[in-house]
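Please read it alongside the sequence and the structure.

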Amino acid sequence: GGQILADINTLRGVAEVVVTPFLTDPNDWYLVADPTDLPCIEVSFLRMIGDQPQLFVKRNEWQFVGGGAAGIEQFDHEYMVRHVTTAKAFDWRGVYKSQVA
């Protein structure tokens with residue numbers, strides 16, 4: 001038997017599947033252009049903090065460490081990372097949503 005044309009996935013290997021729990025309906029799907037081909041989502045960072053995450057370490061109280069990795073002397077430290085960002089779509093041509101009923 002021959003292969004039925006409808007069974008051929010012509011987009012295989014063209015797109016990368018990314019699964020995220022942050023989308024509200026698990027049945028819907030999105031197609032977003034490669035940002036090197038068509039940038040369509042802009043990510044901004046809070047002024048005075050910058051584009052690097054902030055790292056804090058807690059020994060007895062929280063102390064700001066900086067934006068990079070920090071060495072630890074003991075394993076009883078707690079760490080917190082804060083990254084303040086926002087994102088918005090600015091070019092509709094690169095984003096498609098399929099709403100599955």
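## Aspartate 91

Aspartate 91 lies in the loop that links strand E6 (85-89) to strand E7 (95-98). The model is a predicted one. With a relative accessible area of 12%, aspartate 91 counts as buried, because the cut-off for buried is under 20%.

The side chain of aspartate 91 forms a polar contact with the side chain of arginine 93, at 2.7 Å. Leaving aside residues up to four places away in sequence, aspartate 91 touches Leu38, Pro39 and Cys40.

## Nonpolar surface patch

At least two residues of the patch come from each of strand E1 (29-32) and strand E2 (41-45). E2 gives the largest share, three residues.

## Overall fold

The protein has seven strands and zero helices; the order of elements from the N terminus is β-β-β-β-β-β-β. Among contacts with a separation of 6 or more, 63% are between residues 24 or more positions apart.

Of the 101 residues in the protein, 11% are buried. The accessible surface is about 9,200 Å², and carbon and sulfur atoms account for 55% of this area.

Methods: Residues numbered from 1 in each chain as written. Predicted model: local features only at pLDDT ≥ 70, side-chain atom pairs only at ≥ 80, totals over all residues. Heavy atoms only, no water. Helix = DSSP H or I, 4+ residues; strand = E, 2+ residues; numbered from the N terminus. Buried < 20%, exposed > 50% of the residue type's maximum accessible area, 1.4 Å probe, protein only. Contact = heavy atoms within 4.5 Å. Areas by Shrake-Rupley, 256 points an atom, 1.4 Å probe, with all protein chains shown as cover. Polar contact = N/O pair within 3.5 Å; in protein donor to acceptor, adjacent residues only side chain to side chain.
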